[in-house]
Amino acid sequence: MSIEKFSVEKVLSVHRWAHNLFSFTMTRPAHFKFTAGQFARIGLMVGDELVVRAYSVVSSPFDETLEFFSIVVPDGAFTSNLQHLKVGDELYLEKISYGYLTLARYQQPLPQDLWLLATGTGLAPFLSMLQDFETWNKYQQINLVYSVRTASELAYVDRIQEIAKLFGEGHSGFRFIPIITRDPNAALHDRLPVLIANGELEKAAGSELSPASSHVMLCGNPQMVEDTKEALKQRGLTMNRRGEGNIAVENYW
């Protein structure tokens with residue numbers, strides 16, 4: 001891969017959420033533009049090789065820095081090195097952004113209720129969307145649904161509340177719905193497809209998944225994305241193609 005496609009950026013901060021989850025911020029060059037929901041390609045040198053992976057941007061499109069959320073893949077060529085990041089380290093950032101998991105893709109149905117369904121680090125693009133005032137202005141109801149295995153993996157909880165307070169001031173339709181699949185005592189602990197099929201997700205949100213009004217975005221584990229997509233189709237929702245339809249997906253891995 002041509003290294004000329006990348007700029008060299010500095011790590012500004014690192015935050016450890018759990019033994020297998022961390023986030024980091026880095027400098028943002030003036031030329032790097034993105035839409036909320038898109039991803040960047042980040043590289044680091046492993047020996048003499050530039051290893052590159054895609055990461056959805058956590059930051060608002062208007063932030064002066066870039067933030068990313070990562071899982072540690074055991075023996076992974078990239079994250080096994082990335083997890084040791086320190087402030088001041090250098091990373092390579094491809095000069096253009098990618099991806100179509102953006103709200104601009106929706107034309108019909110018109111914006112009414114937005115469902116953001118994430119597992120693990122798939123939360124990242126939705127945090128970016130929620131840091132854009134346009135999202136709050138467009139939708140009457142916004143449901144951020146975040147599924148993890150254990151409570152220790154529930155990252156960004158305080159930040160989500162801060163974002164809702166700052167960007168959603170005066171907006172009464174926001175719901176943050178955590179799911180902890182390995183905790184039988186959690187309010188919601190089944191997998192997303194089950195919670196859609198049995199109506200518990202809608203009950204928690206206080207609103208319905210409707211072909212006539214719902215925009216639903218999925219990001220996270222590929223198996224979750226596939227199974228949840230099918231559960232939504234059983235409810236009459238359709239894939240978004242050429243601007244029409246309810247369901248948009250991103251396989252984060």
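**A note on the six-stranded sheet**

1. Start with the overall layout: six strands form an open sheet in the order β4-β3-β6-β1-β2-β5, and the pairing is antiparallel. The two edge strands are β4, covering 49–56, and β5, covering 65–71, and each of them pairs on one side only. From one strand to the next, the twist averages 40°. Keep in mind that this is a predicted model.

2. Now zoom in on β3 and β4. These two pair in the antiparallel sense over eight bridges.

3. How many bridges join β3 and β6? Strand β3 (residues 39–46) pairs with strand β6 (residues 90–94) over two bridges, again in the antiparallel sense. You can trace the partners yourself: isoleucine 42 is bridged to leucine 93 of β6, while glycine 43 has tyrosine 92 of β6 as its bridge partner.

4. Last, the record. An unreviewed UniProt entry lists residues 4–104 as "domain: FAD-binding FR-type". In the model, the chain over residues 4–104 is 48% strand and 4% helix. The C-alpha atoms at the ends of that stretch are 30 Å apart.

Conventions:
Residues are numbered from 1 along each chain as its sequence is written. This is a predicted model: local features need pLDDT of at least 70, side-chain atom pairs count only at pLDDT 80 or more; totals for chains, interfaces and linings use all residues. Side-chain values use heavy atoms; hydrogens and water are left out. Two strands pair if DSSP finds at least two bridges between them. Axes are lines fitted to C-alpha atoms, for helices over the stretch in contact, and angles run from 0 to 180 degrees between N-to-C directions. UniProt positions are given in the numbering used here, feature names are shortened, and annotations may be inferred rather than shown by experiment.
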